[in-house]
Structures are given as structure tokens and as C-alpha cells.
Amino acid sequence: MRGWFIPVVLLIAAIALPFAVPTYYVQFVSKAFIMGILAMALNLAVGHGGMVSLCHAAFFGLAGYVLALLSPGYDPASLLLTLPAAMLAAAAAALIIGALALRTRGVYFIMVTLAFGEMLFFLFHDTGIAGGSDGAYVNAKPEITLAGHRLLDLASPTAFYFVVLFFLIATIAVLTMLVQSPFGHALAAARDNERRARSLGFPIYRIRLIAFVVSGAIAGLAGYFAAAQFGFVAPQMLGWHLSATVLVMVLIGGLRSVTGPLIGALVLIVLEEVLKASTDYWKLIEGLIIIVIVLALPGGVRQLWPMIFGERSEEQPAHQAAPTIAEGRNG
Amino acid sequence: MDLVTFGVQLLNAIQYGMVLFLVASGLTLVFGILGVINLAHGAFYMLGAYLAYWIAAYTGSFWIAMVAGVAIAFVVGLVLENVFIRRLYGRDHLVQVLLSFGLILVIDEAREILFGKDVHSVAPPAWLSGSIQLTDNLSYPVYRLAICGFCLIVAALIFLVITRTKIGMIVRAGAENREMTRVLGIKFDVVNRYVFAVGIALAALGGIVIAPISTVFPGMGDGMLILSFVVVVLGGIGSVAGAAVGALLIGLTDTFGKVFFPSVSSILIYVLMAAVLLWRPNGILGRREV
Amino acid sequence: MSSRLIVSRRTLLTGAAGAATLAVAPGLRAPAIAQNAPLKVGLMLPYTGTYAKLGKFIDDGFRLYVEQKGGKLGGREIAFVQVDDESKPEAATDNMNRLVGREKADVVIGTVHSGVAMAMVKVARDTKTLMIIPNAGANDATGPACAPNIFRSSFSNWQTTFPMGKVLADAGIKNVATITWRYTAGSEMIDAFAENFTKHGGKIAEKMTVPFPEVEFQALLTRVATLKPDAVFSFFAGGGAVKFVKDYAAAGLGKTIPLYGAGFLTDGTLAAQGDAANGIRTTLHYADNLDIPANVAFLKAFKEKTGNVGDIYAVQGYDAAALLDAGMTAVGGDDKQRDKMIAAMGAAKIDSPRGPLSFNKAHNPIQNIYLREVRNGRNEMISIAQKDVDDPARGCKLA
């Protein structure tokens, strides 16, 4: 009973919101929800899978580009057609990048995902695809039509908000089921102690790859709606600065829960909005806040250790390494 | 493409690779010895270029700018190691990634407060500002040749230090097996501090050296950071020789890619990286396992 | 994600409107405001980044005009809201939404970067916000994306380089290599030049590009030396233009293969380019020594207000205000009479510092394009390359 109380209140508040605040803030919250979906998607890889990826913005942006490319000129695209296409494209990119990157471990994995993400960035930035560095436009927001009747038109900020809210809840549901499934336990086992998980017979590479692909596809979901909301896609959507920013959201919200990163996203986006409106040097303050958060959470994220140095525990440089592993085993 | 043009393009490629090496060697050292992944490496490259512009504008001397710029970067490196980076040893890479990302934001804004956000150009030293006639209608700027020579000297120095000195021995041992070195009683705190500062100084030196042939602009560190990562991934983490190989490979790929496949030239280096990863996941000169 | 909104109270107070009225008659100010709230002009310009100086000059030019009119256009007071677009297309829609949605700007002036401007055009079309583009030259803005509420006080990319095609052909040049950044502005300027050049019998040896905003040209300069064209035609701007012109000279190519370009190659960059720029010929809708009364008066007033020497960007900002004035005057300051206001703006004939300025059906300027040469550190006019150049407005349904 109590466990349901807070979520239900939040849901009611979320449903009531568009009727209570001006349109600008409805759009603002939609944007924050979209970033929340992206952060939760990333956390499936980072928090649950122990894969520190710096290329999720690339999946996000790629899906946005798919919408831009599939949108017919100045007419609205079909949501039922373009959304699956966008998510499939993001998943395919995650499959290829993941298959290569998962051959590596730890810091290599970070660098390789970073580099491949930038490759996609340059693919859209330097070649003529969809406007190059100038970006491309989604001139009309996607819609759902049935037999000539327009069932859903995202052009209205309120309708758009509710669609995003729907997918936000769907994402939470899917991720929760996934994390609590046997698959999720295997993924966590591989993260906590790769060698033991392997000796238990888990196909670690395949499990991680599947998680990475699912994570990429959901990031694509977020990117699709970001492109639809702004009506514009630019290569910077795929850039690693966004990937790193989303990692910050994940860290703020906490690595081990499904909805934590959503909170992190809301916190960071509101923080940015407030800082931007109040100071010219908002980046300086945001940077300092990030540094403080990182340093003030000692061990808050050290569950990731086993993934980072994998099976070669004897190579771990620090005195902390051993206890971390031990904790991982207990947890 | 005739032989002379080929030669000139080869020179372009080597010169580009040399500068890449300078920056990437700092990154690979810091990772190899300290086990810290530093995303702010590119920011120090950018900072070096701005320092070069700023000091050269005040003193009128590129050489003073170079020495002072490197010295400032070194000191900044010592301070940062002491305040922040020290806390990262042994922490997981996610923390390191995010802390250095925070540092990037801070450094960017500090640069804006100190030097503004304008694009600047820096004049090379007068006696290096001429050009040499290479073909009937093409001359080559002397400064670019000087960069090649200078980077070669720096590279030689790095190799000498690493292969011939006691510090180098510790550095090599650390890159091979940190635990073992620690067990042997090597004082890591001091070594770490100086290695980090040297890494930062190398990034800044790269920025200073490139300033006269590039423009000095706020976002210049970003591109260099990614390229340095690719160099390190290609060459193998912690391996200075690997960084040299990786940097030259990228210089060649990029220069000849621009000539032969202009529309996809910037993708080519990543294709190269993917190929190397399939062939040797730990880099060309990396250890078999990490 | 990364953009900044500057809407300080100080900005509003020190805005031209407040300053001018306060100076004239502090006591008489209150009733005027009571009658009519000020027209809110949103300035969405790059106040930081590569184009910061351009944004500043456009801003200064615009405010100078409003100041000269006593802080009022069509009898209505003007208030300003500023947003720094940082020349980041990815943040453009967000920024524009803020300006239109949260700040309730009645008119938006912006911007320099074409990608940002196109994103703004998109929002302006959706929200029917009156918008004047004071620089960005993307052909599409007054092409397929044209709309009644969207004006441009600057140029289309096509317009600035098209006349150069004939100039080079007439000079007996047969074979030209082109080099530019690989983005819309670059390809549009090069294509317009090539269109006219090949029409007059010229041949394009090779179209070379570097990714925007890369400034490493060495490999391509080596390529130029191998191709040995009669001339090179190029477009770069800002820091890239400085670097390219210096590298071109350092490579010794200038001695055998003359360099031509779009006007932006040598505009606002000459101080940094130094001797390397001497003798470069470019086309643009302005020249530094344009000896017409409107320009002389403008440069004098601009110098007095800002202490800087006015340039084309300042002129474009100044003319954007003049264009808005034409509309506001026609409706006596009541911007709710939208159709009448737009008709008046479309029919405006402005005695611009750049020469006679009018507008085509797509709301793009019709103006002279000048052939200039760099001499004495200035872009000096040689001749009018083509009179009253009118952009074809391809794809515009208004035309």
C-alpha cells in the first residue's frame, strides 16, 4: 500500500501538470522527461551492466536523424512507421559498436565507445547526409493516422507531453522487468564478478551485448522524441559532451535503481535552467558541482570495479580493489 | 600524383602525426602510470594555445611564451594532482570520467574569464616564419618543418628518459604492473604527481607548438582529445612507442584520406581504429591482456 | 543543452529606448508607456564564440538606428530582450522557444549562423512570429522556407558570389579550383559562382572542401599546386578566413595562382591577415570605401556611438531596424495590424549605407553587388559587379 503511494501521487501530478502551468513549462518538462528516458537507458548499460559507455548520445542522435530523414518534406511522418525505424537504427548501431567495444575492457571500453560515438558524429557532420554540420529539420511533427483520420497529432504541446509521459512510464516498466528478470540477474552477476559469472556458465559477452543493444534502442526512443520536439537535428546531438552530461545525470540519480537516473536528469536540467538564468558563468558552477558530487560520493559507484578490471584482479592498482570485489560478491 | 607531390603530402602527414604524438604521449603516460583516464587532456591543449597567444602578445616572444606556457601548465598539473586527481587513484573509471568532465567545464569557463572567447592567431618566431620553395609553384612554411624537428627531439627525450633513467624504469614498471611496482616499494605518490604534471605539460606544449599554424579557438581541445584517444587505442594504452605509431598512422590516414576520399576523410581514422580493434583489441603495441 | 539567456534588467534599461527617452524628457515618459506597452524586440545573436564580434556589431547597428529615431519606431517604444545563441544550432530551437514563448518577444532579430537561423525560421513559421534575419545567408530561408512573416536584411549566399562568375570569365580566366568548408553556406556560395562561371564558358577544375570548422589546409594547398588552375575561388569566414589567406600566401601560391573569394574571406579579418591579403578580389554587397552619403553618415554615427569602424554586419543590423521601422510607421506602431505591416515592409525602399535596398517577393534584399580588392588594409571598391541583384528564390511559394 505505502509503496504505491508516492508513485501514484507523482503520476497524478504529472497528468495534472499541463493544465496547471504555461505551455513553455509543459515543453520544458517534456524535454526533461526525454532526457530522463535517455539517462535510464544509459543506466542499463552503466549501472546494471557495468559498461561505462560514452557513445549513447550517438544512438540518441542517430534516431533523431532517422526521423528527420524519413519525414516527407513539409508533411508529418507516421509515428507508427518512423518510431520503430528510429529505434531499430539505434539498436543496429549499438549492436555493431557494442560487438566491437565489448571485445575490450575497462578504460579501453570507454575510449572505444567514445571514439565510435564520435565517428557517428563525424558521419553526420562531415558528409552531406541530412545537411552536414548545419543539421536538418523535421518540419512537421509525426502523427498517427488511421483510415484518413488523425488519431494523434504531436504538434500540440499537451498531446506531445502525454505521449512522452506514456513512453516514460513504458520505459520504467520495461527496464524494471528486465532488471528483475533472470537476464537482469545474469547481467548484474557479470558486472559484480565476471570470472565467477563465467564459471557459472553465463554467456557474458552475449548478455552484455544484448543489454547494450536494448539500452541503445531506448536511447533511440528518447532521441526520436527530442528530434520531434525541437523539429531540428544537428550533429551535436550525437556528440560526446551530451553522453558525458547524461552520465552525470546517472551518477546524480544513483546507479542501482531504474528510476534514479530520471531523478538525476530532472535535477540536472532544472539546475542548468536556474544557473543559466542567473549567471554568465553557469558552466563553471555546473563543473564545480559535478566535481563535488563525484568527490563527495566515495564508493558510491565502486560497484563497477569488477567490470573495469575484469578478471585480472591482481592487476588492480589500489588497495581498495580487494574489498570492493568482496562487497560485490556479498551484494 | 607525382613523386614530388607525394613527398610533400607525406611531409604534411608526418608533421600532423608529430603534433598528435606530442599530445597523445601525455595522455598515454597518465593512463599507463596513474591508471587515470583524463578527459580534460584536450582542455589543457587548448589552454596551452591560449597561454601561448596571451604570453606572446605581452612579451612579444614566442620562445618566452613556450617556456612560460609549459611551466605554467606543469605547475597547474602539480596542483590539480594534489587537489583532485590524487583522490581518483584506484577509483573506478566512471568517477574519473565525470571528474575530468567537470574539470573541462571549469577550465573552459576559466579560459573565458581569463582570455575571452575570441579566435586568435599567434605569429611564429621571425626566423622561422619564411617558406622554402619545394616545387615550381609550392613553398613549404619553415615553421612546419621546425615542428617536425622539434617534436622529434621531444620524442627522443621521452624515449631516453623512459629507457635510460631510473624514473623511466619506474614508469615502465608501473605501466607493466602497478601492483608489483608498489610491492617493490616504489614511492608512487611523488612519481604520480610528476607524471601527471608532465602529461599536462605535454598537452599544453602541443597546443603551444600548434598555435602559429592553427588558430587559437575555444573548442580546439575537443577534437584533439578524441584524436588522442584514438591514437592511444591504436597504439596500446601506456605505450609511448605505441602512441608514436598510432599518431603517424592517423597523420597518414587523415592526410591521404583528404586527398583521395575527401567526403569520408574524417571517418577513415575510425574505420582504421575498428580494424585494429578486430585485429588486436589491446592496440598495436599493447600488452595482450589488460 | 548549453546556451545562455541574458535578460537582465540592466539590458532593458540601458537599451536604446530607455536611454533616449530619459534623456529627452523624463517627465513626459509615463503617459506614453501607459498608452502602449513597448514593442518587445528579441535579439537572438551570437554574443560569445567565433561570431561574437559579428553579433555585437549587428546589435550595435540595430540599436543605433532605434536611437536615431528617439527610441521609437512608428511612434512605439522599443524594448530589448537578448539571447546569446552561441552559434549552436542544437540549442537554437530551445532558445527561440524561450524568446517567443517565455519572453513573449513581438519581433525576433537573428542571427549570424545559418544553421541557427534556419532553426529559428522553423519556430517563426510555426508561431507566426515576425522575424528579420540580419546576416545568415542560407538560400532556403527565402527559398523553400520563405513565409510572409520572415524577412532578411542581409543577403542570400547565392547573391554574393553569383556575379563573380562573370567577373572571372570576363577577365579571361578559364579554369578555376574552388575550396570551402563543407557546409551549406560554403556549397551555396561556391555553386552560385560555378553556375555563372560555367554559363560564361569557364570550367571548374575541382571542388575541394574541408569539414567545418577545420582550419588545416595544408593537404589541399598541396593539391592546388598540383592542379595548377588559372585561379582559386574560395569562401571562408572569421578565423578560418584568416588562416586560409595566410596559409595560401605562405605556400607561395599567390604568386602564380590568384586567389578570389566571397566577400567574407576578407571582411572583418584584414587586420589579422595583414599583407597576405593584399590584392585579393572578392564580391559583396558592401565595400569599406563606399562613397555615398548614407554610408558616410552611417560610419560617422556608428563611430560616435561605439568607437568602432562600422562594417557590413553593423549595416545589416542598422537596415534590419530600418525595415522594421518601415512596417511600424505604416501601422502607426500597432503591430497587431500584421498584414498591413508586412505589406509595407515588403514594399520598403531603404536608402541603405550599402546603396539602394528593396525586397523581392520572398523578402530577400535586392541590392548591388560590388567587386572589391584588398588595398591599404581595406576592401576598396573597384566596380559594381552587378546592379540590383535579385535572388531567384528557388522553391519559394510566395514568389
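Colleague: How many helices and strands does chain C have?

Modeller: Chain C has 14 helices and 16 strands. Helices (H or I, at least four residues) and strands (E, at least two) are DSSP runs, numbered from the N terminus. This is a predicted model, in which local features need pLDDT of at least 70 and side-chain atom pairs count only at pLDDT 80 or more, while totals for chains, interfaces and linings use all residues. Residues are numbered from 1 along each chain as its sequence is written, and chains are lettered from A and ligands numbered from 1 in the order in which they are written.

Colleague: What does helix 10 of chain C reach from its first C-alpha to its last?

Modeller: The expected span of a helix is 1.5 Å times one less than its number of residues. Helix 10 of chain C (residues 238–250) has 13 residues and reaches 19 Å, close to the 18 Å expected. Just after this helix, C:Gly252 takes a positive phi of about 75°.

Colleague: How many residues of helix 10 of chain C are buried?

Modeller: A residue is buried if 20 or more other C-beta atoms, placed from the backbone, lie within 10 Å of its own. In helix 10 of chain C, 12 of the 13 residues are buried, so the helix is largely enclosed by the rest of the structure. Among them are C:Gly238, C:Lys243, C:Phe244 and C:Tyr248. Across chain C, buried residues make up 62% of the 399 residues.

Colleague: What box do the C-alpha atoms of chain C fill?

Modeller: Taken along the principal axes, the box is roughly 70 × 45 × 40 Å.
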